[in-house]
Amino acid sequence: NIKPIQVKLVLLGEAAVGKSSLVLRFVNNDFQENKEPTIGAAFLTQKCRMEDKVLKFEIWDTAGQERFHSLAPMYYRNAQAAVVVYDVTKAASLDKAKSWVKELQRQASPNIVIALAGNKIDLVQPVDEGEEESANSGRQVPTEEAKAYANEFGLLFFETSAKKGVGVREVFTEIAKKIPLE
Ligand code: GTP
Ligand code: MG
């Protein structure tokens, strides 16, 4: 009854978009300003209590640096969920995210739940109402553009800030809702 459902989840995305930071926020509710790049991959687990079930996420946080690309299939093989991350201040990182989605939809398990997360929104959102428009000048990926892409490809879509803890829990709980009870 209370035995957790194990869910293998993989994070993919360009280097420095904030994959490890999203995991650190989700697992430890913490943030590091100068997080070191991941080498190979890191493994962490986190339980997630839902109304009707308990999930245990087994999280593979992969390295975004290109030299590690060939390792990725080991981590997304048999994964039930994937979080593909880009940086809203870096348009090229969305292109990279799209190529990961394409690879997952070709090579990963056919019923994998994929979430697209545009991270670092703290860099483009005014902290309070009165703040100047110039606070938004760093955005390179409009929300609507990424959302339209996500809809077209059947992905969950989120904008997040690992730094401020915005939208991070939602990524994992919305994935959890889509994982079938076994
Ligand atoms: P690789 O392991 O090399 O693939 O990078 P990564 O995607 O794991 O990125 P990481 O979490 O290491 O973050 C890279 C840098 O971005 C670090 O200096 C983080 O502090 C910073 N960072 C991560 N998330 C955010 C965020 O939401 N907002 C801001 N402002 N900075 C962030
Ligand atoms: Mg990392």
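**Exercise 1. Find which element gives the largest share of the lining of the largest pocket, and describe that lining.**

Solution. The largest share, three residues, comes from H1, where helices (H or I, at least four residues) and strands (E, at least two) are DSSP runs numbered from the N terminus. This is a predicted model, in which local features need pLDDT of at least 70 and side-chain atom pairs count only at pLDDT 80 or more, while totals for chains, interfaces and linings use all residues. Residues are numbered from 1 along each chain as its sequence is written, chains are lettered from A and ligands numbered from 1 in the order in which they are written, and side-chain values use heavy atoms, with hydrogens and water left out.

The next step is the volume, which for the largest pocket is about 440 Å³. A pocket is an open set of points on a 1 Å grid over the protein atoms alone, with protein on both sides within 12 Å along at least five of seven lines, and a cavity is a set of points where a 1.4 Å probe fits but cannot get out; lining residues have an atom within 4 Å of a point. Grid points are joined across faces, edges and corners, and a volume is the space filled by probe spheres set on the points.

Of the 27 lining residues, Ala 16, Gly 18, Ser 21, Lys 35 and Lys 120 are the closest to the pocket centre. H1 and E3 are the elements that give two or more residues to this lining. By class, the lining divides into eight nonpolar, 11 polar and eight charged residues, with Ala, Val, Leu, Ile, Met, Phe, Trp, Tyr, Cys and Pro counted as nonpolar, Asp, Glu, Lys and Arg as charged, and the others, Gly among them, as polar.

**Exercise 2. Decide whether H1 is mostly covered or mostly open, and say what covers its buried residues.**

Solution. Eight of the 10 residues of H1 are buried, and the helix is therefore mostly covered; buried means under 20% relative accessible area, exposed over 50%, and partly exposed in between (1.4 Å probe, protein chains only). The buried residues include Lys 19 and Arg 25 as well as Leu 22, Val 23 and Phe 26. Their cover includes E1, strand E2 (41-49), E3, E4, E5 and H5. After H1 comes Asn 29, whose phi is positive, near 50°.

**Exercise 3. Identify which elements supply at least two residues each of the largest nonpolar core.**

Solution. Begin with the core itself, which has 28 residues, those with the most contacts inside it being Leu 9, Leu 55, Phe 57, Ile 59, Val 83, Phe 172 and Ile 175. Such a core is a set of buried Ala, Val, Leu, Ile, Met, Phe, Trp, Tyr and Cys residues joined through side-chain atoms within 4.5 Å. At least two residues each come from strand E1 (5-13), helix H1 (19-28), strand E3 (54-62), strand E4 (81-87), strand E5 (113-119), strand E6 (156-159) and helix H5 (168-178). H5 gives the most, with five residues.

How values were computed: Contact = heavy atoms within 4.5 Å.
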